[in-house]
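Q: Can we go through this model together? I'd like to start with a strand, then look at some helices and the surface.

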Amino acid sequence: MSGAPFSFQLTHTDGAARRGVMTTPHGEVETPAFMAVGTQGAVKGLTHRDLDGAGSQILLSNTYHLYLRPGDALIARRGGLHRFIGWQKPILTDSGGYQVFSLAERRTVDEHGARFRSHLDGSSHLLTPEKAADIQAQLGSDIAMVLDECLAYPSPHDAVRASMERTARWAARARRRQEQLRAGSADGVIVTNAGQAQFGIVQGGVFPDLREESAKRTVDVGFEGYAVGGLSVGEPNAVMYDVVARTTPCLPVDQPRYLMGAGTPEDLVEAVARGIDLFDCVLPTRNARNGQLFTSRGRLNIKNARYAEDDRPPDPDCSCYTCRSCSRAYLRHLFNAGEINASTLNTLHNLHFYLDTMQRIRNAIAFGRFDSFRLAFLQALSRRNGGTDPPE
Ligand SMILES: [Zn+2]
């Protein structure tokens, strides 16, 4: 642990697209960056060595899952999440809210917080903005997220307004708690990463007026970075892009911006074009386990019978281990045979494709040719290529 305080330095801009460096207590992250999702402290199917080899700069882990099992106190006694899982690069943790709203049973929400039952054993828990900050302090991630309220899409304007206002009040409570944790005045909490940053979350659904107000109220509280939440929940792509485009101008230029839960390769490029710096999504890893590969020419379903005797690599333009050593025919066989390796090899490829795309985005921004990159990237994705599935 370098112990460097959190900071963000913009190095290049190209239109609304930005390239920068985020410094954390566990090292630097070049942005725009994609975070692989390591729900239980591991990316499913991969070792940390694989992640490192693929160029992962930062890992996302889920507070809800780690809080329920093995417990944040147990992890704090092991010295924090980095030491517990053996990953010494930056980690971002979510607040646990999204899983409480999507996974937990018998959930009730009021001004105080969210009461829920564990999906594992039915035990009762209360997640408040303060508790979410405490759990993440014990985990010791480099970036902690505030607890926000997640509404279903679509929801009417008045419901979204009420929820956005509650999220803003929760943000202020989360920040006060973070300041107590930093001052060492939170009894019973083991702070395992003194340099932990905290990001606020802009809500407001698909309503521009609410997004603008949410951004202003969140920025007024004051955080080290800002996330755009509540998107990638079923709204049309064009709506998501429009909300992002209207929200980023309301955020400070000199701080990182994180689009939570997005998305497809197209989403990454389109959101960078609208000023986003950080992403996370389960798509590359989850779809890999289901046999869907992201390639530079669109998506490819390895289960498809047409690949039974196809000797080509999944993506001829990819330099990952899977593409260098495996044919589509072999990967299809492994998938059909239910081999564990099918998940590992497919995940290695998909993650490599996402991380390589981010590297190409960063290079394009640095050279002032992001727009031409974006056009060529999107055209290639939608181009039919003999043997490769058309995009879905
Ligand atoms: Zn590959």
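Q: How many residues of strand β4 (residues 33-37) are buried?
A: Five of the five, so β4 is largely enclosed by the rest of the structure. Buried means under 20% relative accessible area, exposed over 50%, partly exposed in between (1.4 Å probe, protein chains only). Strands (E, at least two residues) and helices (H or I, at least four) are DSSP runs, numbered from the N terminus.

Q: Before I go on, what are the ground rules?
A: This is a predicted model: local features need pLDDT of at least 70, side-chain atom pairs count only at pLDDT 80 or more, and totals for chains, interfaces and linings use all residues. Residues are numbered from 1 along each chain as its sequence is written, and side-chain values use heavy atoms, leaving out hydrogens and water.

Q: Back to β4. Which residues sit on which side?
A: Ala-33, Met-35 and Val-37 are on one side, Phe-34 and Ala-36 on the other. Both faces are covered.

Q: What does β4 pair with?
A: One partner is strand β14 (residues 278-280), parallel, over three bridges. There, Phe-34 has Phe-279 as its bridge partner. Strand β5 (residues 59-61) also runs parallel to β4, joined by two bridges. Pairing requires at least two DSSP bridges between the strands.

Q: What unit do β4, helix α1 (residues 48-54) and β5 make?
A: A right-handed β-α-β unit. Right-handed: with the strands pointing away from the viewer, the path from the first strand over the helix to the second runs clockwise.

Q: New topic: Thr-218. Buried or exposed?
A: Thr-218 counts as buried because its relative accessibility is 2%. It lies in helix α8 (residues 208-221).

Q: Which residues does Thr-218 touch?
A: Gly-200, Ile-201, Val-202, Phe-223 and Tyr-226, not counting residues up to four places away in sequence. Contact means heavy atoms within 4.5 Å.

Q: And helix α13 (residues 328-336): which residues are buried?
A: Arg-328, Ala-329, Leu-331, Arg-332 and Leu-334. Their cover includes β15 (292-295), β16 (298-301), α12 (321-325) and α14 (340-366).

Q: What happens just after α13?
A: Gly-338 takes a positive phi of about 70°.

Q: Last one: where is Tyr-98?
A: In helix α5 (residues 97-102). Tyr-98 counts as partly exposed because its relative accessibility is 48%.
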